[in-house]
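This report describes a helix, a strand and their surroundings. The sequence and structure are shown first.

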Amino acid sequence: MQALVEQARHYAVALVASDKPDAAGLAWARARGLPTFALSPKGIGKVAYEAQLDDALRAAGVEVIALAGYMRLLSDDFVARWRERIVNIHPSLLPKYKGLDTHARAIAAGDAEHGCSVHLVTEELDAGAVLAQARVPVLADDTPESLAARVLVEEHRLYPATLTEFVTR
């Protein structure tokens with residue numbers, strides 16, 4: 001999220017939202033004068049949570065949602081309301097390794113390279129059109145943590161650039 005804010009070109013961050021009210025990113029955003037929305041779905045349920053999130057996004061004038069560190073599955077209804085306007089970054093070279101534990105899975109498979117993908121969000125997990133990818137070598141002594149650190153550098157470079165391209169198309 002910080003890379004998206006700091007490298008914003010041809011887009012303005014209208015709202016920083018989180019399902020974790022104590023998320024460090026919210027404090028970071030507030031300190032920079034960015035509007036925020038924080039609400040936990042616990043106790044109110046997914047439908048009510050997504051309705052309030054949708055209202056907040058629309059009230060802020062959001063046109064494109066850029067997910068960053070958001071580890072909650074969005075409902076099919078929410079995705080349909082924002083079709084072709086939700087972008088995400090995933091730490092693998094999609095379509096390989098959808099879901100979690102991508103770095104460990106790439107190492108276990110003996111892959112020579114790994115990376116990250118910026119993609120459109122659809123109702124199917126990590127299945128939307130890939131907008132861009134960045135590759136990193138998998139080294140012989142890599143651990144999931146060391147590989148993740150190198151992929152993260154590429155995520156911080158790739159995601160803001162791809163988002164800029166996406167919103168100016």
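Helices (H or I, at least four residues) and strands (E, at least two) are DSSP runs, numbered from the N terminus. The model is predicted: local features need pLDDT of at least 70 and side-chain atom pairs pLDDT 80 or more, while totals for chains, interfaces and linings use all residues. Residues are numbered from 1 along each chain as its sequence is written, and side-chain values use heavy atoms, without hydrogens and water.

Just after helix α3, glycine 61 adopts a positive phi of about 80 degrees. Helix α3 itself covers residues 45–59. Burial is taken as under 20% relative accessible area, exposure as over 50%, and partly exposed as in between (1.4 Å probe, protein chains only). In α3 the buried residues are Tyr49, Glu50, Leu53, Asp54, Ala56 and Leu57. Viewed down the axis of α3, they fall within an arc of 165 degrees, so they line one face of the helix; the arc is that of the directions from the helix axis to the C-beta atoms. Exposed Val47, Asp55 and Ala59 are carried on the face turned away from the buried side.

In strand β4 (residues 86–90), five of five residues are buried. Ile86, Asn88 and His90 point one way, and Val87 and Ile89 the other.

Note on methods. The expected span of a helix is 1.5 Å times one less than its number of residues.
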